Structure formats: structure tokens, C-alpha cells
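Subject: Structure handover

Hello,

Here is the structure for you to look over. My notes come after it.

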Amino acid sequence: MAKPIILTGIKPTGSLHLGNLLGAVKPVVSLSQNRQNQGFYFLADYHALITVKNGQELNRYTMEMAASWIALGLDPDNVVLYRQSDVPEIFELAWILGCFTPKGLMNRAHAYKAKRQHNESRGERTLDAGINMGLFTYPLLMAADILVMQTRWVPVGRDQGQHIEITRHIAQAFNHAYNAQVFVLPEALTEDTVAVIPGLDGQKMSKSYGNTIPVFATRDALRALIFRIATDSTKPGETKDPDNSILFQIFRAIATKEETDRFYQQFVEGIGWQDAKEQLFDLLDRYLTGPRQIYQEIMHDPTTLRRILEQGATKARDQAQSTMKVVHRLTKNQLV
Ligand code: ADP
Ligand code: TRP
């Protein structure tokens, strides 16, 4: 029996930050080490094209994201690691699935709706201002990513749950039209315990808010950023509330239980903010030393990285083509 497929994608729209690392990459890397499943992991570069309109930039973010995944423990010998745009079957299937997708389903998708609401609140002349068809049909391409590989499990953040529901809806519409179990119905794997990591200013760390700590910044840049994290005006010697501290939230997401307990106690005892920042820097620096070195090695050897992605694409295409054979047979009676 073939192993169940576990698949996820990440959009290369910027450099990996600590929020992405702790909220998305770390849980995915630990899932990838489970040999009960076959892992498919990809860089969703044509999803990123919705916003990144500079080829050099898109290529750089794609390579950086692939290198980050590997540096943080994803092993390309055990999983299929590929770039979405290297698998043309995905885009063919996206079109076909579109012919089975009610337009209303896309109208209800959250990213599109949020953008229209944003336009409304700004009094834009049309609610579709600044919305391209890539954004509108985003869930359709995501459904193709998932269904073409016969995916069973999709590790994603909670915000992506709706997209998995849409994917199931489309898969069922297709299966029903041909009265055949062509597509496996996927399910989201969402870890409820994953914390939302705050950024330098205390809002959710996000590229959109410009408050991020990039994972592969140099040591000096990392230190400088940590010293920019917002703190209140309590002085050394005065008790501090760990639960209201950005420093503590970030520390806790990485440290062991013992380290966290000790840090907590220091807050109660009135640690100074400088000292607390120094400790967070030490922790992060230790945590990132190994991955940083691997990351630099990979980024200095783009030929090897390209080869890894090409090998991944070959395997991904094999899998996609076997799905497309069935799709071709059913949609146009093509027997090959
Ligand atoms: P950004 O908000 O920086 O644009 P993305 O939306 O591209 O990040 O998120 C990529 C992945 O990282 C998603 O799975 C998302 O849930 C996770 N993620 C992003 N920011 C955070 C955060 N601050 N804390 C935890 N997880 C996050
Ligand atoms: N939409 C996902 C995100 O923004 C990225 C993504 C694209 C994806 N295609 C996918 C995730 C397929 C899982 C499966 O995080």
C-alpha cells in the first residue's frame, strides 16, 4: 500500500521570519520526519506572483525559502521538495477544476473578501480595486496543488482551513460529475497549540507590518533587532509581567521548560530589560547557529540547490502525471 501523502506549500514572498519559523516551518519539519507518510513540500512561487512582480526577487525568495526549509531540517532525500512552477500539471488541473467550481465559492474566500472590505472601508471607487484574478482564484490553484498529488493531510495554519474546505468541495464536485473516486479528499492538520509570535512592536509578527525578526539575519543584525523590541518603562529591580512581555513570548516559544521557568522567575525578581534582551539574544543565537551555517552553505551553492529542486520536480511530476492520466480519460475520453 502506498503511504498517505502529506503536503504543504509556502509562498516565497519575503525572507523567513521568526513567526513563520515557529508557526509554520518547525511543525512541518517535525511532521516530515514521520516515515508513515510520504511528504510533498513545495515553494508556491506562482501564488507569490500575485504580489511579487519582479523576477529576480521572486527567484531569490524561492531559493531562500527552499534553503531555509533544508537548513531547518527538511531532508530532500526523504521528502519531495519542489517549486510549484516546475510542475505544469498543476496549472492544467487548476483550469479543469475551475470548470467544476461555482463562482460563488470564490466570492466567499476570505482573502478576496477581506480585500473588498478593505476597499469599502477606504471608500474606493470600486470594491475590486487592486484585486487581480490570481488573488480571486487563489483557492482554485491551491486545490490543484493539493488534489494533483492525491494528498491526504495538509499541515496549515488555522487561516488556511477555509481553503481546505473549498478544496474538498471541488474534489467532490469532480468525483460526482464522473461518478468516480478520482481525488482523495484532503484534511487540514492544524496544531492548536502553535502560538502567534509577536513582532518588535507587539502586533503579530508579519511581513505586512514590517515588524519582523528575519531568521537568517547576521548575528549582529539579530542582536540589533532584539534590542529594538518594545518594552515598558519598569526599571531594573521592579517586578515585570512575563505574560505581557514580547521578549518572554518569543523566549517561551523556543526555550525548554526549565529555561522558561527560570526566565519567568527572573521577571518576577525584576530582571532589567537590557539583561532580558541579552538572554533572548543568547538563546536565539544558540538555536540558530547550526541552521545558519547550513543555510549559508546552501546559499553559496545555488547549483546544488537547483539540482535538488529539479529532482523534486521530476518526482512531483511523476505523481501529478498519474493523476492527470485519469483526469484526461474522464474529461475527454483520452486513453493514454
Ligand atoms: P506574513 O504574515 O509574514 O506574510 P505568511 O502569511 O506568509 O506570513 O505566513 C506563512 C506561514 O507562517 C503561515 O503558516 C502562518 O500561519 C505562519 N505565521 C506567520 N506569522 C506568524 C506569527 N507571527 N506567529 C505564528 N505563525 C505565523
Ligand atoms: N496558501 C498557503 C499560505 O498562504 C500556501 C499554499 C499554497 C499551500 N498552496 C498550498 C498550503 C497547498 C498548503 C497546500 O500559507
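**Overall**

Keep in mind that this is a predicted model. The protein has 14 helices and five strands. Its C-alpha trace spans about 75 × 50 × 35 Å along the principal axes.

**Ligand 1**

Which residues lie around ligand 1? The list is His17, Gly19, Asn20, Gly23, Ala24, Ala195, Val196, Ile197, Lys204, Met205, Ser206 and Lys207. By class, this shell splits into five nonpolar, five polar and two charged residues.

A polar backbone atom of glycine 19 is 3.2 Å from a nitrogen atom of ligand 1. For isoleucine 197, a polar backbone atom is 2.9 Å from a ligand 1 nitrogen. Lysine 207 places a backbone N or O atom 2.7 Å from an oxygen atom of ligand 1. On its own, ligand 1 exposes 550 Å², and the protein buries 80% of that.

**Ligand 2**

Ligand 2 is surrounded by 14 residues. The closest are Lys11, Tyr138, Met142, Asp145 and Gln160. The shell has eight nonpolar, four polar and two charged residues.

Where does the shell come from? Strand E1 (5-10) and helix H8 (138-148) each supply at least two of its residues. H8 gives the most, with four.

The contacts listed here involve side chains. A nitrogen atom of ligand 2 is 2.6 Å from a side-chain N or O atom of tyrosine 138. Aspartate 145 has a polar side-chain atom 2.8 Å from a ligand 2 nitrogen. Glutamine 160 does likewise, with a polar side-chain atom at 2.9 Å from a nitrogen of the ligand. Ligand 2 has 370 Å² of accessible area on its own, and the protein covers 88% of it.

**Helix H3**

H3 runs over residues 55-71, 17 residues in total. It reaches 24 Å from first C-alpha to last, close to the 24 Å expected at 1.5 Å a residue.

Why call H3 largely enclosed by the rest of the structure? Twelve of its 17 residues are buried, where buried means under 20% relative accessible area. Among them are Leu58, Tyr61, Met63, Met65, Trp69 and Ile70. Glu64 is also on the buried list.

Both ends have something to see. Just after H3, glycine 73 takes a positive phi of about 120 degrees.

Two residues to check here. Glutamine 150 is not a glycine, yet its phi is positive, about 60 degrees. Glutamine 150 sits in the loop between H8 and strand E4 (153-155).

Asparagine 333 has a positive phi near 55 degrees, again in a residue other than glycine. Asparagine 333 falls in the segment after helix H14 (302-332). Is asparagine 333 buried or exposed? Its relative accessible area is 60%, so asparagine 333 is exposed.

Best wishes

Conventions:
Residues are numbered from 1 along each chain as its sequence is written. Chains are lettered from A and ligands numbered from 1 in the order in which they are written. This is a predicted model: local features need pLDDT of at least 70, side-chain atom pairs count only at pLDDT 80 or more; totals for chains, interfaces and linings use all residues. Side-chain values use heavy atoms; hydrogens and water are left out. The expected span of a helix is 1.5 Å times one less than its number of residues. Buried means under 20% relative accessible area, exposed over 50%, partly exposed in between (1.4 Å probe, protein chains only). A residue is near a molecule or strand if one of its heavy atoms lies within 4 Å of it. A polar contact is a pair of N or O atoms within 3.5 Å; within protein, one must be able to donate a hydrogen and the other to accept it, and residues adjacent in sequence count only if both atoms are side-chain atoms. Accessible areas come from the Shrake-Rupley method with a 1.4 Å probe; for residues, only the protein chains shown count as cover. Ala, Val, Leu, Ile, Met, Phe, Trp, Tyr, Cys and Pro count as nonpolar, Asp, Glu, Lys and Arg as charged, and the others, Gly among them, as polar.
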